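Visitor: I have a chain open here and would like to talk through its fold. Can you walk me through it?

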Amino acid sequence: MQAHEILHDLEATGALLNGHFELRSKLHSNRFFQCALLQRHPRVFARLCTALAAKVEAANPGPLDCVIAPALGGIVAGHELARCLDLRSVFAEKQDGVLAMRRFAIEPGARYLVAEDVVTRGGRVDETIALVRQGGGTVVAVAVLIDRSAGQAAFGVPLFSLLEMAPEVWQPGHCPLCRAGAPLVHPGS
Ligand SMILES: [Zn+2]
């Protein structure tokens, strides 16, 4: 898929929002990608995940056994990627404020693809990578639908993204939208 086709899907589904947002990273931005709104359209979402899976397959980063995603945002993408790549699919969830393996165990020796919907600073991907390694698994690569990090996210393994979206983000004290008095939205993500 071409970048303009991907952007068309994001805008047509309402997943790409314009406004004044506080991101999970606490930075402010004039754009927000709300993946749940994309997931309302399973066939569109599947098409995008298929394109991302094809990128991973084409690059062939190494044999894979399982996809792991951090809840909640990454679960559907991880599941869809696993279906495309014919891998197992698991997810990690918050427990007492930190990401943990609650209903799945990491398989020692298994090779994992870490999946996420959107990466800004990559904190949840870092936590997921740590869980895999603590459990004796190997992280082969990371696959995300939207990389908002402008090249800042680096995980020490290959990173595949469907779309890099250079974000306009500001520290809260330097945000022009705050200065303009625009109401701040905390999008659930
Ligand atoms: Zn602001």
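This is a predicted model: local features need pLDDT of at least 70, side-chain atom pairs count only at pLDDT 80 or more; totals for chains, interfaces and linings use all residues.

Visitor: How many helices and strands are in the chain?

Guide: The chain has six helices and nine strands. Its radius of gyration is 16 Å, close to the 16 Å that the globule rule gives for 189 residues, so the chain is as compact as a globular protein of that length.

Visitor: What box do the C-alpha atoms fill?

Guide: Roughly 55 × 35 × 25 Å, taken along the principal axes.

Visitor: And what share of the residues is buried?

Guide: Buried residues are 38% of the 189. As for contacts between residues at least 6 apart in sequence, 65% of them join residues at least 24 apart.

Visitor: On to the sheets. What is the strand order in the sheet of six strands?

Guide: The order is β5-β4-β3-β6-β7-β8, in an open sheet with mixed pairing. β5 (98-100) and β8 (159-164) are at the edges; each has a single partner strand, so one side of each has no neighbour in the sheet. On average, neighbouring strands here are turned by 25 degrees against each other, direction ignored.

Visitor: How many bridges join β3 to β4?

Guide: Five, and the two strands run parallel. Within β4, F91 stands opposite A69.

Visitor: Which strands does α3 touch?

Guide: α3 packs on the sheet and touches β6 (111-119), β7 and β8, with its direction at about 140 degrees to that of β8. Helix α4 (residues 75-85) also packs on the sheet, touching β3, β4, β6 and β7. The direction of α4 makes about 170 degrees with that of β3.

Visitor: Now the other sheet. Which order do its three strands have?

Guide: β1-β2-β9, open, with antiparallel pairing. The edges are β1 (16-22) and β9 (169-170), each with a single partner strand, so one side of each is left without a neighbour in the sheet.

Visitor: How many bridges are there between β1 and β2, and how many between β2 and β9?

Guide: β1 and β2 are joined by five bridges, while β2 (residues 28-33) pairs with β9 over two. N18 has R31 in β2 as its bridge partner, and S29 stands opposite V169 in β9.

Visitor: What about the hairpin of β1 and β2, which residue takes a positive phi there?

Guide: K26, with phi near 80 degrees; the hairpin has five residues between the strands.

Visitor: Changing topic: which residues have the most contacts inside the largest nonpolar core?

Guide: L52, I68, L81, L113 and A143, in a core of 51 residues. Strand β7 (residues 138-147) gives the largest share of this core, eight residues.

Visitor: What does L113 touch?

Guide: Leaving out residues up to four places away in sequence, L113 touches V56, L64, V67, L81, L87, V140, A141 and A143.

Visitor: Last one, D65. Where does it lie?

Guide: D65 is in the loop between α3 (42-59) and β3 (66-70).

Visitor: Why is D65 classed as partly exposed?

Guide: Because D65 has 15 other C-beta atoms within 10 Å, and a residue counts as buried at 20 or more and as exposed at 12 or fewer.

Visitor: Which residues is D65 in contact with, beyond its sequence neighbours?

Guide: Leaving aside those within four places in sequence, L87, R88, A110 and R111. K94 is 29 residues from D65 in sequence, and their C-alpha atoms are 23 Å apart in space.

Key: Residues are numbered from 1 along each chain as its sequence is written. Helices (H or I, at least four residues) and strands (E, at least two) are DSSP runs, numbered from the N terminus. Two residues are in contact if their C-beta atoms, placed from the backbone, lie within 7 Å. Two strands pair if DSSP finds at least two bridges between them. The radius of gyration is taken over C-alpha atoms; the globule rule is 2.2 Å times the number of residues to the power 0.38. A nonpolar core is a set of buried Ala, Val, Leu, Ile, Met, Phe, Trp, Tyr and Cys residues joined through C-beta atoms within 7 Å. Axes are lines fitted to C-alpha atoms, for helices over the stretch in contact, and angles run from 0 to 180 degrees between N-to-C directions.
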